[in-house]
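Let's take a walk through this structure together, one region at a time. Keep the 3D view open and turn it as we go.

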Amino acid sequence: MKLEVTNANYLATIVKVKNLVDVGLNTLMALPIFGIQALVPKTTKEGDLLVLFPAEVQLSEDYCRMNNLYRKSELNFDQTKTGYIEENRRVRAIKLGGQFSTALAMPLDSLSNLGFKDISSLKEGDTFNNIDGKEICKKYQIKENTTGERGNNIRGLNKKFKRVETKLFPEHLDSEQYLRNSDKIQDNEIVIISQKLHGSSGRFANILVNRELKWFEKILKKLGLPVIEQEYGYVAGSRRTVKDSTNNNSNHYYSTDIWNNILEKYKLQIPKGYIIYGEIVGYTQDGGMIQKGYHYGQKEKESELYVYRVVHMNPDGIGIDLTFHQMKTWCKQNGFKTVPELATMLHSEFKLIRENYQEVNYAKLQRKYMTHAGNSLYIDQPLDNGDEVPEEGVCIRVDGLTPYILKMKNQSFLIGESKQLDSGEIDIESAN
């Protein structure tokens, strides 16, 4: 069987049942794994192999139909059976009888129902979105409104002139789930733990950009005469999109352009050849919240950038990252704020803290750090957002020429994300 991964954070994993917990539900037991929890039938036994899908995965139509998972029985292969998956085929994070369920665990035989004959070759730890070219699951995304009803959210503009080269303004690294990938970090490696803020990602640079040549410069170029084709310029972008206001291509989710607003605020503080990556939190200029409920102390109609990565980019597109602590010093010297650092410690020490992980306890994390390190030189207080919404979680970083960054989210935050999608709100990071 050929297993293919198309999204490392939203995939299926073959897991072995090693620990079942009686949580007082009549027909269900809790299966804690990877720091999340699935509720499984009481007929499940230790040693069973299951297919685990995390919350916000979208199952394939065939998988739902052939396993009779649809709530609408007429959509199922056996129309006498009723399941619990809605027509959008999304795995939701829920709370049932006081228990978190942030994943769906299915029997291994559920893959046989799709016609795969050699499922016995699957083993614990295998991951996939597709098997033998057939889709099993992918990340769930709400279909995006492309009519421009909110902001300038219009896709597909095809401009002949491209001001910004991708290699000089790369997207931020994709962060995988820590609890699935913690074994990729050695126990004796130093990890930096920072607060994961819930806003909107941004990148801001003073890099070489292409000039739009005037008519006579184009003639000179055709004649083989030297023409200056690049110059340093300021550029803003979201996680996925370049917000190039000079090229009339600032399509975005919000009714105002939060990225170019931040760039205008900070551009004179960005030296030539540098890219700043960070999280924008607070409000848009028209008073809307960047993330509903998450203000981080910002006043209405105000926002702030908290930097989590700084890259020095040369004209050939080769970037060198500052270490986390170099970044903090650099940001202080250049007038930027950074995401709060909660601890710097050995990975083995951090693993002790997150045992039986349910929710991130910032105070415990900092106390543990002080006990082991005895040095609070670089440690920040987490940004306070009040008690009305759950904290998102933490990022775990290992420094190198390029940092390795993982994320760990709270269970209560995952429930909130599911409710947001239930209401039909677009995943802002995907939309931008």
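Strands E23 and E24 form a hairpin, with 5 residues between them. Bear in mind as you trace it that this is a predicted model. E23 covers residues 393-398, E24 runs through residues 404-409, and the two strands pair in the antiparallel sense over 6 bridges.

Strand E15, residues 190-196, pairs with E23 in the antiparallel sense over 5 bridges. Here serine 194 stands opposite cysteine 395 in E23. Is E23 mostly covered or exposed? Mostly covered: 6 of its 6 residues are buried.

The structure holds 2 cavities of 30 Å³ or more, and the largest cavity contains about 280 Å³ of space. Its lining is made by 20 residues, of which Ile36, Pro54, Gln177, Lys409 and Leu414 are the closest to the centre. Which elements give two or more residues to this lining? They are E24, helix H2 (178-181) and helix H8 (411-422).

From here, move to another sheet. Four strands make up an open sheet in the order E9-E5-E2-E10, with antiparallel pairing. Strand E9 (103-107) and strand E10 (127-128) are at its edges; each has a single partner strand, so one side of each is left without a neighbour in the sheet. In general, the strands of a sheet pair through backbone hydrogen bonds, in either a parallel or an antiparallel way. The partner of E9 is strand E5, residues 49-54, and these two pair in the antiparallel sense over 5 bridges. To place them against each other, find leucine 50, whose bridge partner in E9 is proline 107.

Finally, let's come out to the surface. A nonpolar patch of about 640 Å² is made there by Trp215, Phe216, Ile219, Leu220, Leu223 and Leu225. Tryptophan 215 belongs to helix H3, which spans residues 215-222. Why does tryptophan 215 count as exposed? Because its relative accessibility is 65%, and exposed means over 50%. That contrasts with strand E23, where we began and where 6 of 6 residues are buried.

Conventions. Residues numbered from 1 in each chain as written. Predicted model: local features only at pLDDT ≥ 70, side-chain atom pairs only at ≥ 80, totals over all residues. Heavy atoms only, no water. Patch = residues over 30% accessible without salt bridge, like charges linked within 9 Å, V, L, I, M, F, W, Y side chains within 5 Å. Areas by Shrake-Rupley, 256 points an atom, 1.4 Å probe, with all protein chains shown as cover. Salt bridge = Lys/Arg side-chain N within 4 Å of Asp/Glu carboxyl O. Buried < 20%, exposed > 50% of the residue type's maximum accessible area, 1.4 Å probe, protein only. Pairing = 2+ DSSP bridges. 1 Å grid on protein atoms, 1.4 Å probe; cavity = no way out; pocket = protein on both sides within 12 Å on 5 of 7 lines; lining within 4 Å. Points joined across faces, edges and corners; volume = space filled by probe spheres on them.
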